[in-house]
Amino acid sequence: MISKYFYDENAYDYHDGGYINLEKAPGEDHPLAVPPILKPDKIENNDIYYTVTAQAGETQILPGDKTKTWGYNGSLLGPAIPFETGKTYHVTLKNELPEVTTFHWHGLNIVGPYEDGGPHAPVMPHGERKITFTVDQPAANIWLHPHPCPNTARQVWNGLAAPVIISDEHEKSLSLPSEWGVNDFPVVLQDRSFHNNQLSYTADYDVDGTLGKYALVNGTTNPYIDVSTPIIRLRFLNGSNRREWWLHFEDQHPFTQIGSDGGLLPDAVELDRIMLTCAERADILVNFSNYKAGQTVTLLTDDHTLLKFRIRSFKPQDIKLPSPLAILDHLDTDDQTPVFKTVMSGMDDQVRLDGKLFDMQRIDTRQQVNQTQIWEVSNTNDMENGMIHPFHIHGCQFQLIDRNGKAIYANEHGWKDTIGVNPNETVRIKVRFTKLGVFMYHCHILEHEDTGMMAQIEIFDPDHPIEYHLLPMDHKM
């Protein structure tokens, strides 16, 4: 059993002078909102057609007036979008917002920069964009969010985020909990402050990452789940602009992590706490068999009540997890493997990536498609006064090698697309892109990427060069 949070405690975000402690939101406890599964427009053999619309609306979050919010195919957040490995998807992306947005498929191995949905793929107000792709990666919990630099943080704050669930035959064979909203739950973790029940990003803005005083789980304040089966699956996503989540049960009840960003882990990991930096995901199983009907089990973040589990009557159940849980396609490296170094530095408005601010028309580095490279990702912040920077790469999943030459954390042996990098730490990762395109890599504190802590990599095929039309910032806006 692993009974500690990973990362360096002296760099946790609560040491920041602008940190906002969570408070209990006004009002009663509410059943956890469970997003519906998006239904296809049509299905033709292995071709599936979806429409996803970014739109404005109103949502009852706090007692009293409804809150003006944004969402996908609804007023807040969005439906769970199901993908299946081996199938081709035709997605119509519509924008009914009063400003430009993009649709970024965070964690999806997809060509860039237009299908990937970074800042080079704007969808104008009342406009639409059509994309087509075939899913060729393992089962995973990824997500959809806007990426219209420099307005990503504000649009996410307004409500744009949705879980995306990739399934495959191997995962289905494991007999994991799969009754949506009964024993299988998405858990989107965010925080917001309100002003007369309304969101005001300008009022709450912090250049080092905007924090709110109330926790929202799937957009729900003071949420609970009625537990009607002994084992449930929780698909955690840190969808916050800045906040880190330190998750544990009040009574230190253990749980089993079975997956991370890019899918199932090679082997399950037993934990009684886990910390998620921005954009990280964790797929866990919780066994409530030792509790009796009428008891309540409380999930905390630090010492704040986050989610209650109200135990109801259920029949005994057991799940035998195989070992290995999943067979990973390990990325091989040797002494001849190319090494790429990238450095995150600064805080507040002084954040930089490799000493530069983002330029939409500048290619910062290039890597050949299907070639593995070692990336050395460094955070030069001071160990005593610095902060953790979560580092994300578009268009691929990668594998960790070590942290400052030491072993990686127990739950980091699977596919990842986002990693927290401690102050004064270098994390080595193995990176291979299987799709062509121009992709972003950046800090996933949303205000940091909007400030310019972001760069671009071109993935190329030497035999088939492609010329990309990279938009300037002012043209897109």
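Which strands and which helix each supply at least two residues of the lining of the second largest pocket? The legends below take up this question along with others.

In this predicted model, local features need pLDDT of at least 70 and side-chain atom pairs count only at pLDDT 80 or more, whereas totals for chains, interfaces and linings use all residues. Residues are numbered from 1 along each chain as its sequence is written, and side-chain values use heavy atoms, with hydrogens and water left out.

**View 1. The second largest pocket has a volume of about 310 Å³.** A pocket here is an open set of points, on a 1 Å grid over the protein atoms alone, with protein on both sides within 12 Å along at least five of seven lines, and its lining residues have an atom within 4 Å of a point. Strand 5 (81–84), strand 10 (162–167), helix 2 (169–172) and strand 14 (231–238) each supply at least two lining residues, where helices (H or I, at least four residues) and strands (E, at least two) are DSSP runs numbered from the N terminus. Strand 5 gives the most, with 3 residues. Of the 17 lining residues, Ser167, Glu171, Ser178, Asp184 and Arg235 lie nearest the centre.

**View 2. The largest pocket has a volume of about 350 Å³.** A volume is the space filled by probe spheres set on the grid points, which are joined across faces, edges and corners. Among the 24 residues that line this pocket, Ala33, Leu76, Asn218, Gly219 and Thr220 are the closest to its centre. The lining divides into 14 nonpolar, 10 polar and no charged residues, counting Ala, Val, Leu, Ile, Met, Phe, Trp, Tyr, Cys and Pro as nonpolar, Asp, Glu, Lys and Arg as charged, and the others, Gly among them, as polar.

**View 3. The largest cavity has a volume of about 110 Å³.** A cavity is a set of points where a 1.4 Å probe fits but cannot get out. Of the 14 residues that line the largest cavity, Met275, Leu276, Glu280, Asn411 and Lys416 are the closest to its centre. Strand 18 (274–276) provides the largest share of the lining, 3 residues.

**View 4. Strand 20 (residues 296–301) is mostly covered, with 5 of its 6 residues buried.** Buried means under 20% relative accessible area, with a 1.4 Å probe and protein chains only. Strand 20 and strand 21 (residues 304–311) pair in the antiparallel sense over 6 bridges, where pairing requires that DSSP finds at least two bridges between two strands. Leucine 299 stands opposite leucine 307 in strand 21.

Note on methods
Buried < 20%, exposed > 50% of the residue type's maximum accessible area, 1.4 Å probe, protein only.
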